[in-house]
Amino acid sequence: MKTPISASKRYVHRLLKPHKYFTTTHLRRLSVAPDSTQPPSQEELTETAITQLKITEDWTSNTNLHYQLLSLPPQSLIKIARHLETSNKALKFFHFIHDNQSPSLSQLPLPSIFQTVIELAMREEDSVPLVDLFNLSKELKVPLTSNSAILLIRYFFHVKKVQESLELYNELEPHAKNTNVKNTLLGLLLKSNRFEDAHKLLDEMLQSDTKFPPNETTLSVVFSVLLRWNCGKEDEKILGLIPKFGIHGVFPCNVWLTQLITRLCRSHRNDKAWDLLHELIKFGKLEAGPCNALLSGLSRERNYKRINLVLNEMKENNIKPDIVTFGMLVNHLCKAHRVDDALDMLKKMKEGSDGISIKPDVILYNTVIDGLCKVGRQAEGFLLMEQMKSEHNCAPNVVTYNCLIDGFCKSGEIERAHELFDQMDKENVAPNVITMNTLVDGMCKNGRISNAMEFFRKMQEEKGIKGNAVTYSTLISAFCNVNNMDRAMRLFDEMESLGSPDALAYYSLISGLTLAGRPDDAAFIASKMKKSGFLPDLLTYNTLIGGFCRKKKLDKAVEILKDMEDSKIKPDSVTYNTLISYFTQNGDFGTAHKFLKQMVKDGNAPTVVTYGTLIHGHCLAGNLDEGLNLFEEMIRTSKVVPNNVIYNILIDSLCKCGKVDHALSLMDGMLEKGVAPNTTTYNAMLKGISSRNRLKDAERLMNQMTTQACNPDYITIEILNDWFSAIGEADRLKQFVQGFQASSSAA
DNA sequence: ATATCAACTT
């Protein structure tokens with residue numbers, strides 16, 4: 001190889017000639033020492049050399065300098081190299097030192113000077129190719145420093161020569177393979193998805209007897225990849241190595257762990273998250289965050305067994321649950337309609353009777369208030385809001401009010417809902433679009449669509465709250481419900497004119513037309529939707545299929561199903577339930593079971609609705625026993641939790657067959673399982689016992705309805721009225737209705 | 001990352 005220094009050797013005869021640039025002025029200026037009798041110090045010599053090397057083209061011919069340089073210690077030589085501006089100059093210097101090194105001089109500075117060459121070369125646009133430099137180091141047997149290795153490894157990755165990087169790493173001297181080098185290589189391997197190689201390297205780093213153990217950076221490199229957005233399952237082997245960091249005293253921070261576990265749970269890898277947490281819990285550094293993330297994942301798959309295990313382990317390992325932990329637990333209880341347990345937990349938190357006292361915040365209160373509203377105990381919810389204000393100095397926010405307003409709307413107490421809305425104004429809690437939507441929906445569902453429209457317009461004018469897709473969808477559905485397609489269409493147009501038309505607007509029209517028993521028109525809107533560039537989603541398809549099934553137009557339903565499959569949208573359990581329902585209601589259990597098989601094959605486990613559909617079908621076909629058997633089977637062999645609809649179907653059927661005692665025992669079982677009976681349950685039951693004239697049972701049930709705040713509806717009143725007036729007990733009904741009004745207005 | 005509105009199936 002032709003190198004600058006070998007070229008310069010040919011001009012050795014010039015060495016003694018003073019260089020043309022070297023004037024006496026220069027020399028005078030360059031001699032730093034003020035007292036010329038003192039020999040210059042090493043520092044001065046270094047500075048002088050730097051200046052000379054910078055400004056002189058052919059300094060190798062300067063013998064003076066030559067000897068001075070060779071007398072300098074390694075550190076000074078390295079310093080000189082660092083101050084040279086271009087890689088060419090540095091390379092020339094490198095060659096000079098290399099060619100002139102005395103055998104006694106240690107090799108020490110050469111690798112460092114070479115490193116400087118690489119550093120300079122990397123910054124330049126057209127430098128000596130880095131590959132050539134790498135080859136030169138091999139040729140001259142100058143070992144690479146750790147930093148040189150890092151630079152070259154990065155460069156090789158940059159030009160997609162991963163194999164060269166690995167070779168370079170393998171050829172390094174053992175002492176150069178330090179943690180930094182390993183971290184660099186590891187990061188790049190992971191980034192380019194070479195999980196096999198990365199795993200091997202990381203595993204090697206994590207050995208307990210390694211000279212260069214992993215550090216925080218190693219961990220952050222690993223996490224930056226694990227937390228990457230679209231990381232497949234290849235990273236799972238790497239995941240398994242994380243606990244090994246603990247052996248070296250490196251522990252991931254709780255924030256990262258929380259993110260990682262959240263990510264694992266979201267990509268349906270709860271098991272991996274579970275394993276990871278359990279490996280790490282031993283090191284005693286876990287906080288509530290990662291545990292919460294796992295708990296949240298486990299609750300999504302309703303794995304209550306594991307939820308309880310995690311909670312116990314938190315206790316054993318002294319990991320203090322925080323407000324989020326409690327928030328999730330309370331939320332669970334509420335969603336399982338175990339509101340009394342939720343209230344209990346809230347109380348315990350405040351008292352600190354379980355060893356941990358946490359001041360509940362507005363979110364926790366909102367969760368419980370919503371829980372109360374969702375089971376029809378909105379009056380208690382309201383009291384809880386008063387309590388949180390007065391006793392705990394916790395101000396309700398817009399969510400608190402939204403929950404309560406929804407609660408009162410759903411129970412038909414629109415006036416109370418409006419009062420709460422006015423109260424918000426007094427307490428300076430600004431309503432938002434959800435508040436509006438809730439009230440609009442409440443009014444629509446209570447047959448006051450024009451009031452709802454008025455309110456909607458007023459909110460827009462007075463509060464500047466604009467309607468969103470939900471608002472329009474609610475109103476459009478409401479107009480469709482009363483068969484006012486004209487107004488529905490006008491709202492649809494208004495929404496489209498407001499800007500980006502929303503798929504939800506199409507959907508609400510489609511669902512409205514379907515609800516109005518006009519599936520063909522709905523299908524037409526769906527085709528229009530497609531033409532405007534919106535693809536109907538699963539919900540839309542399900543709605544259409546349901547619409548045609550209800551009209552007994554199976555061929556059309558199947559047509560939609562085909563269209564759906566063409567659009568690559570997979571039918572889900574709702575789709576299958578709809579079809580199964582069509583066949584069972586028409587007595588065709590053979591085809592129903594065919595679809596049931598297909599459903600399971602598609603990966604959709606039968607849901608509570610599937611069982612409900614089949615049970616309902618059996619009852620309709622007069623096979624009550626078959627229905628009861630299936631119910632037993634469901635409880636025995638599946639994880640499906642019965643809901644009140646299933647109980648209602650069976651209780652109704654039993655009562656109609658005169659098996660009132662069986663129905664009553666089923667209702668007891670319902671209460672035992674924590675399934676709340678609703679008005680439908682009571683209506684079926686009361687109808688049944690009325691035919692047997694069992695007044696005592698009626699009394700008990702009526703009391704139950706009152707205490708559970710389960711509103712009687714016109715059917716309840718009709719049943720009781722027919723019965724009681726026939727036996728001259730009309731007062732009982734009066735009392736019942738009055739008692740009800742008293743309890744609901746007590747709040 | 002624990003709370004509020006609409007929408008498909010018994």
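Among the residue classes used here, Ala, Val, Leu, Ile, Met, Phe, Trp, Tyr, Cys and Pro count as nonpolar, Asp, Glu, Lys and Arg as charged, and the others, Gly among them, as polar. The legends below describe close-up views of a predicted model.

**View 1. The protein surface near DNA strand B.** By class, this surface holds 15 nonpolar, 20 polar and eight charged residues. The element that gives the most to the surface is helix H19 (residues 323-335), with six residues.

View 2. Of the atoms of DNA strand B that come within 4 Å of the protein, 58% belong to sugar and phosphate.

**View 3. Polar side-chain atoms beside base, sugar and phosphate.** Asn402 places a polar side-chain atom 2.3 Å from a base oxygen of DNA strand B. For His616, a polar side-chain atom lies 2.4 Å from a sugar or linking oxygen of DNA strand B. Asp370 has a polar side-chain atom at 3.3 Å from a phosphate oxygen of DNA strand B.

**View 4. An aromatic pair formed by Phe421 and Phe455.** The model contains 13 aromatic pairs. In the pair shown, the ring centres of Phe421 and Phe455 are 5.4 Å apart and the planes stand at 75 degrees, so the arrangement is edge-to-face. The pair links distant parts of the chain, since Phe421 belongs to helix H24 (residues 414-426) and Phe455 to helix H26 (residues 449-463), 34 residues apart. Phe421 is buried, with a relative accessible area of 12%, and Phe455 is likewise buried, at 8%.

**View 5. An aromatic cluster and two charges over rings.** Phe134, Tyr155 and Phe156 together form one aromatic cluster. Lys177 lies over the face of Tyr169, at 5.0 Å from the ring centre. Arg416 lies over the face of Phe382, also at 5.0 Å from the ring centre.

**View 6. Cysteine residues without a disulfide.** The count of disulfides in the model is zero. Cys619 is buried, with a relative accessible area of 13%. Cys549 is also buried, with a relative accessible area of 7%.

Notes
Residues are numbered from 1 along each chain as its sequence is written. Chains are lettered from A and ligands numbered from 1 in the order in which they are written. This is a predicted model: local features need pLDDT of at least 70, side-chain atom pairs count only at pLDDT 80 or more; totals for chains, interfaces and linings use all residues. Side-chain values use heavy atoms; hydrogens and water are left out. A residue is near a molecule or strand if one of its heavy atoms lies within 4 Å of it. A polar contact is a pair of N or O atoms within 3.5 Å; within protein, one must be able to donate a hydrogen and the other to accept it, and residues adjacent in sequence count only if both atoms are side-chain atoms. Helices (H or I, at least four residues) and strands (E, at least two) are DSSP runs, numbered from the N terminus. A disulfide is a pair of cysteine sulfur atoms within 2.5 Å. Buried means under 20% relative accessible area, exposed over 50%, partly exposed in between (1.4 Å probe, protein chains only). Rings of Phe, Tyr and Trp (its six-membered ring) pair if their centres lie within 6.5 Å; planes under 30 degrees apart count as stacked, over 60 as edge-to-face and the rest as tilted. A charge sits over a ring if NZ of Lys or CZ of Arg is within 6 Å of the ring centre and within 35 degrees of the ring normal.
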